[in-house]
Amino acid sequence: MNLMNSTALVVIEQDTSGFSPINLKVMGAIAQLREFAALEVDLLVVGKDCTAIAEAAARIPGIRQVLLADGEGGEHQLPEALAPWLADLAHDYRYLLVGATTFGKNLLPRVAALMDIQPITDVVVIESANVFKRPIYAGSALASVMTDQPIKLLSIRASAFTALEAGDVVAPITIIIPPKSQRLSRVVSQQQVAAERPELTAARVVVSGGRGMQSGENFHLLYQLADKLGAAVGASRAAVDAGFVANDMQVGQTGKMVAPELYIAVGLSGAVQHIAGMRDSRVVVAINKDPDAPIFQVADYGLVADLFTAVPELIELL
Amino acid sequence: MKILVAIKRVVDPGVRVHPLSDGSGMNIASARMSINPFCEIAIEEAVRLKEQGVATEVVVVSIGSLAVQEQLRSALALGADRALHINTESSLEPLAIAKVLHRLVMQEQPQLVLLGKQSIDGDHNQTGQMLAALCGYSQGTFASHIDCKADEVWVTRELDGGLQTLALTLPAVITTDLRLNQPRHPTMPNIMKARQKPLAVIPIADLSVNVQPRLQTLSVVAPKLRQQGVKVVSVADLVNKLRQEAKVL
């Protein structure tokens, strides 16, 4: 089969550590897309003082080049500055991809509207060069969506794709003119959460607590368990709404989507919107004293027990 | 300050929905409908800003069939001053919705436009950002706190890795996240009063916007269910199975 020649631009996301692990997941989606189109792939690093990130991006295999746009206008990657500039740049490509994170969700639709393109967000399956699957109704259904628009704008849900590994080959870095500064918005303050544990969406193991934890203090049990397993700690919306933990720990349709190797749900009933956020995990363990909790329906291993005795015992045995 | 709030009529979040067996869509014909929960938060925030004397008028708009007037009346009962119903039988994509709202923004000239961050049916999370782009306005997405200053608005945003506070030049578009506020319930006297509040119906054709869909939905199917696993009898049994069977430890 002759594959159509095509081009893709991937917007590289930056986090506190620099090069965000989400980028390797987006490259996993690119790898799937390559089954349907012969792609020349450029990575775009835009920001202020971001040369090191461009150097990290250059180690991703299978790319043509890294475009580096470094300047004042790219500081904090505000969409008011990036969108018009990126809309111009993206016209030279057939695909524009970004991770479906708060960064990607903030930016992509603004670019899309300026290009008069209807984007497809939260892509979980690439079915062909122009058909993509995305969850709707909090994950209650998967919609298969086709687009014949000349440029496909996609945001990629990280939990649905396998990360591509960085290699030893280094692609060339091309310096391009950064976006202009703008006066519509500015950053007043930024509060990053301290990263003592792996990031939820990137962790191999996730331990989550629900309302059954009864208090924020009791989460220390889960932190101990997580430290034994090298795990990230998440929570249900009920636990967040009850004020036990910060909202950036929420796993679910309205929080974070995770798909770790091992997901341990503790004192967590398993509301539909929570399950939508963790259903792609490889192995699910549920610990709950209510034998009828819906979480058991999606758990590979269910333990009906009081978490306050079971979790310390588990920590002991690991 | 005038505030425009855009709301969507969706299946009530308490209703469990399933795809139709022929894969053509969702089985929602007889489902209970509500204001999208994120839109409800947007209404609440606008009404609070009016109660604080920051906003002078709260205008609420929805796009859809005659049925959306039910949600517009609810919004009026929650404290909005007047409503606009953009009448269409078609289901619009986010880009088309943003184009329609852009026309209304040009007509109404609000200083602030509030929307939910996403609707719980399509789950796109696009409309607010697109509207901001078309208007050339600043945008504050995933808002968990809003503070109106003299000529700008400060918005605290919930990001994946923490919180970010932006100062936005007015006019601005803000999309709401869950923790911005706890919406009130309408009182009976306010429901009665809402019946008297103005609700204008505008046929979508009057706005001369191309709302043709760009995407084609080929199928809607249920996701693969996880197989229910086994119950373990003890913590030791669990650890053993995770090591020997699942090989994840």
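1. The crossing of helix 3 of chain A with helix 4 of chain A is right-handed, a term that applies when the near helix is turned clockwise from the far one by less than a right angle. The contact draws on A:P79, A:L82, A:A83, A:P84, A:L86, A:A87 and A:A90 of helix 3 of chain A and on A:N106, A:L107, A:R110, A:V111, A:L114 and A:M115 of helix 4 of chain A, where contact requires C-beta atoms, placed from the backbone, to lie within 7 Å.

2. This is a predicted model, in which local features need pLDDT of at least 70 and side-chain atom pairs count only at pLDDT 80 or more, whereas totals for chains, interfaces and linings use all residues. Residues are numbered from 1 along each chain as its sequence is written, and chains are lettered from A and ligands numbered from 1 in the order in which they are written.

3. Between the chains, 64 residues of chain B are in contact with 67 residues of chain A. On the side of chain B that touches chain A, strand 9 of chain B gives the most, with eight residues.

4. B:A167 is placed in strand 9 (residues 162–169) of chain B, and, neighbours within four places in sequence aside, B:A167 is in contact with A:S185, A:R186, A:V188, B:E152 and B:W154. Because 19 C-beta neighbours lie inside 10 Å, B:A167 counts as partly exposed (buried means 20 or more other C-beta atoms within 10 Å, exposed 12 or fewer, and partly exposed in between).

5. Strand 10 (residues 141–147) of chain A pairs with strand 12 of chain B in the antiparallel sense over six bridges, pairing being assigned where DSSP finds at least two bridges.

Technical notes. Helices (H or I, at least four residues) and strands (E, at least two) are DSSP runs, numbered from the N terminus. Two residues are in contact if their C-beta atoms, placed from the backbone, lie within 7 Å.
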